[in-house]
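Here is a friendly tour of a few helices and their surroundings. Take a look at the structure first, and then read on.

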Amino acid sequence: MKQVVQNYKSGELAVLDVPVPGCKPGGVLVRSAYSLISTGTELMKVSEAGMSMLGKARSRPDQVAKVMQSVATNGVPATYRKVMGKLDSYTPLGYSLCGVVEQVGSGIDDVKVGDVVACAGNEHALHAELNWVPKNLYAPVPDGLAPRHAAFGTVGSIAMQGVRRGEPQLGDVALVIGLGLIGQLVVQLLAASGVRVVGVDPDPARCELAERLGAAACGDPGAAAVEAAVAELTDGHGVDQVYLAAGGGSNQPVELAARLCRDRGRVVDIGKCRLDLPWNAYYEKELDVRFSRSYGPGRYDPEYELEGRDYPIGYVRWTERRNLVCFLDLVARGSVDVEPLVSHVADFDDAVETYQRLGDGDLKAVAVLFRYPDAQPAEAEAPAVAVPAVSVRRGPVRAAGSPVKLAFVGAGNYATSMLLPHLAQREGVELSTVVTTTALSAANARRKFDFADATTDLDAVLGDESIDAVFVVTRHSSHAELTRKALLAGKAVFVEKPLALTEDELAGVLAAVEESGNDRLQVGFNRRFAPLLQEAKERFGARTGPASLRYLVNAGRLQHGSWYLQQGSEGSRFAGEGGHFIDTASWLLGADPVSVYSVASSGNEDLQVVLRYPDGSTATISYVTTGSAAFPKETLDLVADGKVLQLDDFVRASVYGRKKWVSSRLPKARDKGQNAELAAFVKAVRSGGPMPVPLESLVATTAATLAVGAGLAGGAPVTLARTR
């Protein structure tokens, strides 16, 4: 098997072929699926190995003391040989992984071959294809938890033990100094415990990430904003606890801790930072300084770790293993989110290069995972999202009279800027009723767009037989339920994207279609109706071979306070608007996708989504928020059969083939198809003819959008499984 090793004398890193460890009694043999690089502890060890002998001595004064004691006992020559022999040997790296049980040793009855487990220990959870792990250093992975997330178990336990040492209480305010891997986990664990958190780190990106993950405020250690936030949250008293999760040789963390901690507060050292305590500051406040020892009680106890002797729960509530189990449970239940911490996933064979990139600063990361291709946990095999079959006995379609009477549920910015201005000017359309949750917003919409009526009573609108169609333009979390009600009431429905945020919501909409026989539904996927893109598609012509499509969406950052950031209730940003781009790709390729693969950068800010189609075509959607606002928002390339179609932000399009066609540049006001889409919808309602987009396509696009989130959670391609 292969294992990552380092020579501490020379600093050499290598992936060596070594013998497979035996499966001893009292433990299990685990084939690694993912192992986690500790970008703090491991990189410090790798960095030390590259130092001179003098540098090594300065960085490890504890080891120098042992050497001097050996010199006094054994003499210089013997000590020299002993030290050089130890330095000039390969040592392992790694201590946190997830894998599959390959063999069970005698005395083990809580797992079986094929089970997925998270493993801990710098001698037992190494960056290696196979590891023997004793009983108290592994824990079964809960159902539904992705192996790549379970690989965080050990570092999560370290963070958890640090939080336990601080003894936080509901309503406390805590300061976390250092927002690397451990610090980010400490922030989330404290937030999950009802503690308000202020974070400190010189890296603005890490501060921003911590705020997204639950911190009330974060900033540079020298920033006045940090002290202001502490003063505001604590009424000037200071924080209840400080968690030192920083490294390095600066004494700034302990000095900052003393300044911002309240009288008789607690300071917990989790990382490895300089600890020259300023005596006066700590004495005057009578600060309680505590150390957190690794994963929890049991650490460094051979009887616990190697012999499997557990501590009675009545005497030691939280041991190493119980911390590991608890952390995995929190991640499985969504109380802690580790996916935003994953900066990079590297193949295990590329381990040496990955360490070098981290050491050189070429790869800036919070957490990096090694992926082992030979391990196939059951949870990672062929994840699927159902694409429900559309089966409906259509009832008689009532063609609308003239004018077509429309009701709007919701009158927010998008409705009032992109939909209602087109409808208000369209002949043969009557804006009958606007429904909002507040009376004033309904009155404003009525005044601006000349609605005949305004109300907050949705049921009255759905019961009004004179209304032909209902527009659902509310927040994302309500779309599926409002659409379901309107379909059951017999109305034609135009719902803004997304149609649904979960598979259950999508199934509920289709159940309403089946129950009512009413499939008169349109989702606001407007880009396929854009005149410029329609002309470009026509110029491109039919294709015979598979195509490759690239769609770059330079989405930009949202303003602070936007409800789009309320992912817990409104879904992710991509879940809300990603259907636009999937629908456009599917329309251009003339088919619905059969699988989705999605990966994200740290913090899920930038997504790469790869769609595969039945004929072998692929579409890659790059959805990014970290680009320049000066660059166009949407650019698209379609390549097939020796031809290329290019779209430049709905301003200009080109087709390269036997002849080149370039559109004239449009005015600044880009036409992304809303007007044409509304015209097609109104025509279908008036005539009783087919809806502008087949229901099967709307369902497939919605399922593919949901599969993006499932793929991010599982780290594997997601099959779009058609149901019958």
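## Helix α13

Of the 13 residues of α13, 10 are buried, so this helix is largely enclosed by the rest of the structure. Buried here means under 20% relative accessible area, exposed over 50% and partly exposed in between, with a 1.4 Å probe and protein chains only. The buried set includes R321, F327 and L330. Its partners in packing are β6, β8, α5, α6, α7 and α12, with contact meaning heavy atoms within 4.5 Å. Helices (H or I, at least four residues) and strands (E, at least two) are DSSP runs, numbered from the N terminus.

## How to read the model

This is a predicted model, in which local features need pLDDT of at least 70 and side-chain atom pairs count only at pLDDT 80 or more, while totals for chains, interfaces and linings use all residues. Residues are numbered from 1 along each chain as its sequence is written, and side-chain values use heavy atoms, leaving out hydrogens and water.

## Helix α9

Which residues of α9 are buried? They are V226, A229, V230 and T234.

The buried residues of α9 pack against β9, β10, β11, β12 and α10. D235 follows α9 and has a positive phi, near 55°.
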